[in-house]
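Student: Hey, could you walk me through this structure? I'd like to start with the pockets.

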Amino acid sequence: MPSQRMHAREQVGPWHSEAVCRRDEAGLFFAPSKEPTAARLSREEAAKRVCARCPVMVECQEHALVQPEPYGVWGGLTAAERRVVQARRRRREAEIQRTTRIAAAG
Ligand code: SF4
């Protein structure tokens with residue numbers, strides 16, 4: 001069964017050819033509808049174990065953060081974990097801009 005990731009990854013860049021999850025036959029990376037919480041947590045941990053041995057984890061994670069990819073496990077991060085990283089990046093960027101403005105006005 002082709003996964004959402006197979007379809008999405010076709011458009012993401014040259015790194016996808018090395019992705020360990022190209023054939024996600026176990027369906028680890030995207031949630032089926034109405035997945036119970038315990039099953040989701042278990043599936044996501046299994047997906048993260050696959051990501052941990054993937055040679056393109058860094059590229060994949062950055063793609064999913066920048067795009068951003070709203071669903072699924074990418075680069076060892078769940079969608080919720082990516083939202084935390086994105087929020088942290090936005091705060092850091094805002095702080096840099098604020099500091100730069102103060103220095104320029106100084
Ligand atoms: S890091 Fe994970 S989600 Fe990304 S390509 Fe590798 S196995 Fe797939």
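This is a predicted model: local features need pLDDT of at least 70, side-chain atom pairs count only at pLDDT 80 or more; totals for chains, interfaces and linings use all residues.

Student: How many residues line the largest pocket, and which lie nearest its centre?

Tutor: The lining has 13 residues, and Ala 31, Arg 43, Glu 44, Gly 72 and Ala 79 lie nearest the centre.

Student: Which helices supply at least two residues each to that lining?

Tutor: Helix H2 (37-52) and helix H4 (79-105) each do.

Student: And what does the lining of the largest pocket look like by class?

Tutor: Seven residues are nonpolar, two are polar and four are charged.

Student: OK, what volume does the second largest pocket have?

Tutor: Its volume is about 150 Å³. Around the second largest pocket you'll find Leu 65, Val 66, Gln 86, Arg 89, Arg 90, Arg 92, Glu 93 and Ile 96. Helix H3 (57-66) and H4 are the elements giving two or more residues to this lining.

Student: Switching topic: how many residues surround the ligand, and which are the closest?

Tutor: 13 residues surround the ligand, and the closest are Ala 19, Cys 21, Cys 51, Cys 54 and Cys 60. H2 and H3 each supply at least two residues of that shell. By class, the shell divides into 11 nonpolar residues, one polar and one charged.

Student: I see cysteines in that list. How many disulfides does the count come to?

Tutor: Zero disulfides, going by pairs of cysteine sulfur atoms within 2.5 Å.

Student: Is Cys 21 buried or exposed? And what about Cys 60, buried or exposed?

Tutor: Buried means under 20% relative accessible area. Cys 21 has 11%, so Cys 21 is buried. Cys 60 counts as buried because its relative accessibility is 8%.

Student: Last topic: how many aromatic pairs does the structure hold?

Tutor: One aromatic pair. The ring centres of Phe 30 and Trp 74 are 6.5 Å apart and the ring planes sit at 85°, so the pair is edge-to-face.

Student: Where do Phe 30 and Trp 74 lie?

Tutor: Phe 30 is in the loop between helix H1 (4-9) and H2, while Trp 74 is in the loop between H3 and H4, so the pair ties together parts that are 44 residues apart in sequence.

Student: Are Phe 30 and Trp 74 buried or exposed?

Tutor: Phe 30 is buried, and Trp 74 is buried too.

How values were computed: Residues are numbered from 1 along each chain as its sequence is written. Side-chain values use heavy atoms; hydrogens and water are left out. On a 1 Å grid over the protein atoms alone, a cavity is a set of points where a 1.4 Å probe fits but cannot get out, and a pocket is an open set with protein on both sides within 12 Å along at least five of seven lines; lining residues have an atom within 4 Å of a point. Helices (H or I, at least four residues) and strands (E, at least two) are DSSP runs, numbered from the N terminus. Ala, Val, Leu, Ile, Met, Phe, Trp, Tyr, Cys and Pro count as nonpolar, Asp, Glu, Lys and Arg as charged, and the others, Gly among them, as polar. Grid points are joined across faces, edges and corners, and a volume is the space filled by probe spheres set on the points. A residue is near a molecule or strand if one of its heavy atoms lies within 4 Å of it. Buried means under 20% relative accessible area, exposed over 50%, partly exposed in between (1.4 Å probe, protein chains only). Rings of Phe, Tyr and Trp (its six-membered ring) pair if their centres lie within 6.5 Å; planes under 30 degrees apart count as stacked, over 60 as edge-to-face and the rest as tilted.
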